[in-house]
Amino acid sequence: MSKLTQILATTYSVTINASEEASRFGVHAADIDHIFLALVIDEGTAGQVLRRAGITLDAARGAVAAQHREHLESLGVQAELPGDGKIRLLEQGGIEWTERATALISRASGKGKAGDAMAILREVLTEPSGTIEDVLARLGTAPDDLLRLLDDASGIRERDADPARRLGRTHRVFVPATPADAWALVSDAARLPEWDATLVSVTEEEGSWVGTSISTRADGKPLKVRPGTERQLIERVSAVDHRVEWLFTYPDAPTANQRSIIVALEEAAGGTQVTVDAAWIRGSGPRGIRRAIAPVTRFVARPLVRLALWFQVTHLTGGISRALR
């Protein structure tokens, strides 16, 4: 993975998770403490360092909330944080970012820095305001302790995701839930809408699962849906040893591509490592002259297709993460 690709992937993952954590507290601006929470669930070395130091997501959330309450009390304000503990990023219509949080992410990808989660964690631990130092004190540790652990782990190569299928992408995420809880989510057809944003609902009809495709955004605005893809037939191809494969077809659009999602779970310290392999299986495709030029069209569109596939698989892993935290 190139440095630019690494920076983009890491920045996307950290900023989304930090924004979601900020929404749990009912605030409208993500700050450095929310970046810290996002790093606690990082699936790579940065997150592993924090979790091996005994920092769980629940404990870190509690420390951040306690610090916020103490700050309000120092201002003479006796009040609970406005959030209800649920991720409400989509309902809130997005999150802004504080200047120091934006600057911190930028520094992590500056000259001579990798721009990955470990670089962001180093910036968080050395941030001069004292915010993270106070949070860590509540967790029974200190920035220097974690920096030493990070130095010891710096030689560890990040584990690459397994190779994806031809028209697919693979992405890995850590969730602070047991493999049993994660399996109950990803292996149940009725719970697919909890983590697959393309589905509104799943019902059982004559022994088959039928999904209703999403047609409106969270703000109520209509989405453009390709004719014939309003319904999805859902088949659980296999489900064994914490590995499940789902196949989605469009009965009203027989030439459309099928969608395949494979989810594999692996026990990890403090939770579960989830690997998602999402791929499209080509249908019969266009006919006539459009069929003749299809190879050229696919070649030209290949970079955009790769980007679209990456967004799709990260949305799936993000959905699983939200559902389990």
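Trainee: At what angle do helix α2 and helix α7 pack?

Mentor: Keep in mind that this is a predicted model. Helix α2 covers residues 32–40 and helix α7 covers residues 117–125, with their axes 10 Å apart. The packing angle is about 140°.

Trainee: Is α2 roughly antiparallel or oblique to α7?

Mentor: Roughly antiparallel would take an angle over 145 degrees. The pair packs at about 140°, so α2 counts as oblique to α7.

Trainee: Which residues have the most contacts inside the largest nonpolar core?

Mentor: That core has 39 residues, and elements giving two or more residues to it include α2 and α7. Ile 35 touches Val 14, Trp 97, Ile 120 and Val 124, among others. Those with the most contacts inside the core are Ile 35, Phe 36, Leu 39, Leu 50, Ile 55, Ile 120 and Val 124.

Trainee: Does Thr 141 count as buried or exposed?

Mentor: Thr 141 sits in the loop between α8 and α9. Beyond its sequence neighbours up to four places away, Thr 141 touches Ile 55, Leu 136 and Leu 146. Buried means under 20% relative accessible area, and Thr 141 has 16%, so Thr 141 counts as buried.

Methods: Residues numbered from 1 in each chain as written. Predicted model: local features only at pLDDT ≥ 70, side-chain atom pairs only at ≥ 80, totals over all residues. Heavy atoms only, no water. Axes fitted to C-alpha atoms, helices over the stretch in contact; angles between N-to-C directions. Helix = DSSP H or I, 4+ residues; strand = E, 2+ residues; numbered from the N terminus. Parallel < 35°, antiparallel > 145°, perpendicular 65-115°, else oblique. Buried < 20%, exposed > 50% of the residue type's maximum accessible area, 1.4 Å probe, protein only. Contact = heavy atoms within 4.5 Å. Core = buried A, V, L, I, M, F, W, Y, C linked by side-chain atoms within 4.5 Å.
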